[in-house]
Amino acid sequence: MKATPLELARNSYQPKRPRVLTTAAGLHRSDPPAPLDGGEAVRTTFPRTFDLPVVTLTPDATPAPGERRRVGVLLSGGPAPGGHNVIAGLFDGLHAEDPGSELFGFLGGPSGLLTGANKRLSRELVDEYRNTGGFDIIGSGRTKLENDSQFDRALAQAREMELTGLVIVGGDDSNTNACALAEYAAEHGSPLQVIGVPKTIDGDLKSPHIETSFGFDTACKVYAELIGNIQRDARSSLKYWHFIKLMGRSASHITLECALQTQPNVTLISEEIAAGNVELYEIVDRIAEVVCVRAEQGENFGTVLVPEGLIEFIPEMKTLIAEINDVLATSYQEFEALQTFPHKREFVAGRLSPGSTGIYRHLPREIATQLILDRDPHGNVQVARIDTENLLIEMVDVRLKEWHAAGRRVGAFSPQRHFFGYEGRCAAPSNFDADYCYALGTTAAHLLREGLTGYMAIVRQLTRPVDEWSPGGIPLARLMNMERRHGSLRPVIKKALVDLDGPAFKEYVRQRDTWAAETRYLSPGPIQYFGPPEIADRPTRTLELEASR
């Protein structure tokens with residue numbers, strides 16, 4: 001495979017490693033973290049893995065003898081920068097224990113485990129993918145491992161391949177499945193060890209023990225570069241308002257981090273809007289006010305950051321979406337029989353509550369149509385496909401025209417829309433993510449060596465120099481809470497939303513009024529892989545601020 005000069009240079013990069021991972025390591029055990037809501041119900045579901053201790057790797061002068069292992073690994077869910085380095089760290093960690101160990105990659109994610117589609121990962125293949133973005137070494141998938149028949153197939157496949165361990169690299173749902181498989185294996189006497197690795201660019205897989213998920217650092221730096229470029233253009237052309245939607249359906253971590261890196265004029269944080277019961281017209285008025293304030297200063301340009309999932313956090317829109325989901329769930333055949341979008345929209349509008357009907361009829365036609373189009377596997381609206389940024393543009397434009405007609409000076413409003421999503425998912429990992437992912441993979445190998453199962457590999461103290469990072473493991477079941485899924489309460493790993501009392505959000509609040517009125521844009525520039533550590537190895541602003549509390 002041909003490679004660019006940068007790819008060749010990155011291929012030779014040797015990830016920096018925590019000191020404890022360069023020597024023989026033992027384990028320090030400590031009490032598990034306090035259970036989340038519904039802890040007793042979670043314990044009942046996972047009795048064999050719930051009360052496991054937190055473990056931290058420590059230097060050990062008397063290592064246990066190495067053991068030949070056969071381990072499977074799969075990548076689950078959307079790609080995130082650094083996944084290949086997790087595999088490289090796992091591969092190196094297993095072979096450091098015993099050169100005869102073997103690593104098998106299941107193709108296409110969890111479905112590969114169920115069908116037996118796999119390939120043996122050779123050193124030559126792993127070396128080819130070191131420090132590269134993407135998940136293409138073995139591919140990924142979104143098949144869920146959540147019922148007994150799937151677990152039986154997974155264990156049968158592991159038995160047939162004589163696997164001693166399985167590493168599942170994924171987000172909250174994937175690691176919930178890893179926890180369930182580990183519990184099922186233990187219950188049925190299977191020797192298979194199951195270890196999870198925290199992955200998601202959205203940044204919502206975190207806890208006091210999980211400082212960040214891998215991929216978040218790189219993705220935010222990619223998006224921040226693009227935002228900085230756009231803001232430089234806005235300041236140069238002096239005529240456009242850029243509405244930029246960013247990844248993050250369930251949480252606004254990416255939007256907050258990019259705001260801290262680039263200092264835009266308006267940043268919408270879904271969690272703040274939900275906590276304050278801020279209605280759609282209030283959001284529109286806020287943006288329109290900033291447009292007017294800047295126009296009075298002769299600055300008819302600006303940037304607005306919008307989290308992907310914003311629409312579900314606006315109270316009246318959340319209610320509207322829930323009602324539409326119910327209408328389509330109960331009357332889907334009648335709905336599908338209609339031939340035109342106007343008839344479909346009218347069908348839905350006539351079955352909503354009076355308040356939701358009024359809101360729905362006043363939405364821009366494009367948005368009203370998107371709300372009734374494709375559904376996800378659970379029958380819910382696909383929020384990522386709703387042009388929330390366009391909804392805001394149209395409504396701000398209407399409000400400004402109303403104010404202008406009333407005699408208020410509003411200036412020029414020339415909007416541009418953007419959505420940054422896939423641009424960041426498969427980028428070549430930053431030095432931080434390259435190092436972090438390699439450490440996570442090597443840590444997973446250590447946890448397998450110690451005979452552990454039902455754990456997530458973790459690395460803490462990430463704002464310190466890499467050699468001071470602290471690897472270990474946390475029981476997956478302790479990350480669970482009870483949530484209603486498919487009409488019943490089920491244990492799932494809790495998504496971490498933006499902490500409105502946390503230092504990152506408070507830093508944004510401290511400065512946002514200044515950023516709104518004044519042009520204080522920052523241009524972070526492209527990811528730097530070479531150069532001074534304060535440039536090439538710097539973590540996210542979120543991590544820095546959280547470490548300072």
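Reader: Is Asn175 buried or exposed, and what is its relative accessible area?

Author: Some conventions come before the case: residues are numbered from 1 along each chain as its sequence is written, and side-chain values use heavy atoms, with hydrogens and water left out. This is a predicted model, in which local features need pLDDT of at least 70 and side-chain atom pairs count only at pLDDT 80 or more, while totals for chains, interfaces and linings use all residues. Burial is read from relative accessible area, where buried means under 20%, exposed over 50% and partly exposed in between, with a 1.4 Å probe and protein chains only. Asn175 has a relative accessible area of 0%, and therefore counts as buried.

Reader: Where is Asn175 placed, and which residues is Asn175 in contact with, leaving aside its neighbours within four places in sequence?

Author: Helices (H or I, at least four residues) and strands (E, at least two) are DSSP runs, numbered from the N terminus, and contact means heavy atoms within 4.5 Å. Asn175 sits in helix H7, residues 172–187. Leaving aside neighbours within four places in sequence, Asn175 is in contact with Ile168, Gly170, Gly196, Val197, Pro198, Leu205, Met456, Leu476 and Ile493. With Met456 the separation along the sequence is 281 residues, yet the C-alpha to C-alpha distance is 7.9 Å.

Reader: Which value does phi take in Asn131, and where does Asn131 lie?

Author: Phi of Asn131 is near 65°, a positive value in a residue other than glycine. Asn131 lies in the loop between helix H5 (123–129) and strand E6 (140–141), and is buried, with a relative accessible area of 2%. Glu162 also has a positive phi, near 60°; its place is the loop between helix H6 (148–161) and strand E7 (165–170), and at 57% relative accessibility Glu162 counts as exposed.

Reader: How is a pocket defined, and how much space lies in the second largest pocket?

Author: On a 1 Å grid over the protein atoms alone, a pocket is an open set of points where a 1.4 Å probe fits, with protein on both sides within 12 Å along at least five of seven lines, and lining residues have an atom within 4 Å of a point. Grid points are joined across faces, edges and corners, and the volume is the space filled by probe spheres set on the points. The second largest pocket holds about 730 Å³. It is lined by 34 residues, of which Lys206, Ser207, Pro208, Ile210 and Ala496 are the closest to its centre. The elements giving two or more residues to this lining are helix H9 (253–262), helix H20 (503–517) and helix H22 (541–547), and H22 gives the largest share, four residues.

Reader: And what can be said of the whole chain, for instance how many helices and strands the protein chain has?

Author: The protein chain has 22 helices and 16 strands. Of its 549 residues, 56% count as buried. Among contacts with a separation of 6 or more, 78% join residues 24 or more positions apart. Along its principal axes the C-alpha trace spans about 80 × 60 × 45 Å.
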